[in-house]
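Okay, everyone, thanks for coming.

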Amino acid sequence: TQGTRFKWEENEKIFMRYKDHKVRYAKLAEFKRSGVATGSFCQTCEVICDPTGHPEAHKLSEFDAKDLVTPTKLLVAKSENKKEAQYFFNSDTLGYLKDAIKSTGVTHVLCLGTPTLFQALPKSINKLLLDIDSRYLGLLSPEEFCWSNMMNFHFFQPQISLSRLQEFIRSSNSSLAVIVDPPFGARPELIINTLNNIKIGRAHV
């Protein structure tokens, strides 16, 4: 009904409020320019912030500037909500995946729900992370991260993310590996649909 649609649109506006990728990432760029050695990341606001005067109820995580190359270190893993549960790869798993990718000789890696692999890949590999965790909006640039849901191939900011994905696939010249870590209990047909959409996009660029 029209009322239901209106309510859904209003809820979406509330959900998307303050989640502009460029605005959030600007906070990180500002921190880097400052040259300070330590900072604070708000798990509530999902941005790097000045703890002075910040709401006491918000959960802050302290970090060293060098930790920014491994952004998952700044984040508290979500494990209570099964829909968004996060269990980051350990060093053995990362080592195995990196060796497997290296053996294929690909130049591009598309990481679906695999942020620890994304940050562990060498600079010689072109990489792009697609993940549902909006906290990466404040830690990775629009060239590195697309906020999306692999369960329905939905992009929350399609004007930026879809064009970036298409550009990434195009630049791979078919030298592309796709690594997926689906949510626990995810229906395989939904993941297959997402992979098919990526494949279709690859054929169109």
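So, the buried residues of α2 are His21, Arg24, Leu28 and Phe31. They sit on the same side of α2, because the arc they cover around the axis is only 100 degrees; that arc is taken over the directions from the helix axis to the C-beta atoms. Recall that an α-helix has 3.6 residues a turn, so residues three or four places apart point the same way. By buried I mean under 20% relative accessible area, by exposed over 50%, with partly exposed in between, using a 1.4 Å probe on protein chains only.

Quick caveats: this is a predicted model, where local features need pLDDT of at least 70, side-chain atom pairs count only at pLDDT 80 or more, and totals for chains, interfaces and linings use all residues. Residues are numbered from 1 along each chain as its sequence is written, and side-chain values use heavy atoms, with hydrogens and water left out.

Back to the helix. α2 runs over residues 21-34, and its 14 residues reach 20 Å from first C-alpha to last, close to the expected 20 Å, where expected is 1.5 Å times one less than the number of residues. Helices here are DSSP runs of H or I, at least four residues, and strands are runs of E, at least two, numbered from the N terminus.

What covers the buried side? The cover for the buried residues of α2 includes β1 (38-42), β2 (47-49), β3 (60-64) and β6 (145-149), with contact meaning heavy atoms within 4.5 Å. On the face turned away, you'll find the exposed Lys22, Val23 and Arg33.

Now the ends. Asp20 caps the N-terminal end of α2, with a side-chain oxygen 3.1 Å from the backbone nitrogen of Lys22. After α2 comes Gly35, with a positive phi near 75 degrees.

One residue I like is Lys19, in the loop between α1 (2-16) and α2. Is Lys19 buried or exposed? Buried, at a relative accessible area of 11%. Its side chain makes a polar contact with the side chain of Glu46, at 3.4 Å; that term means a pair of N or O atoms within 3.5 Å, within protein one able to donate a hydrogen and the other to accept it, and residues adjacent in sequence count only if both atoms are side-chain atoms. Leaving aside neighbours within four places in sequence, Lys19 also has Arg24 and Trp147 among its contacts.
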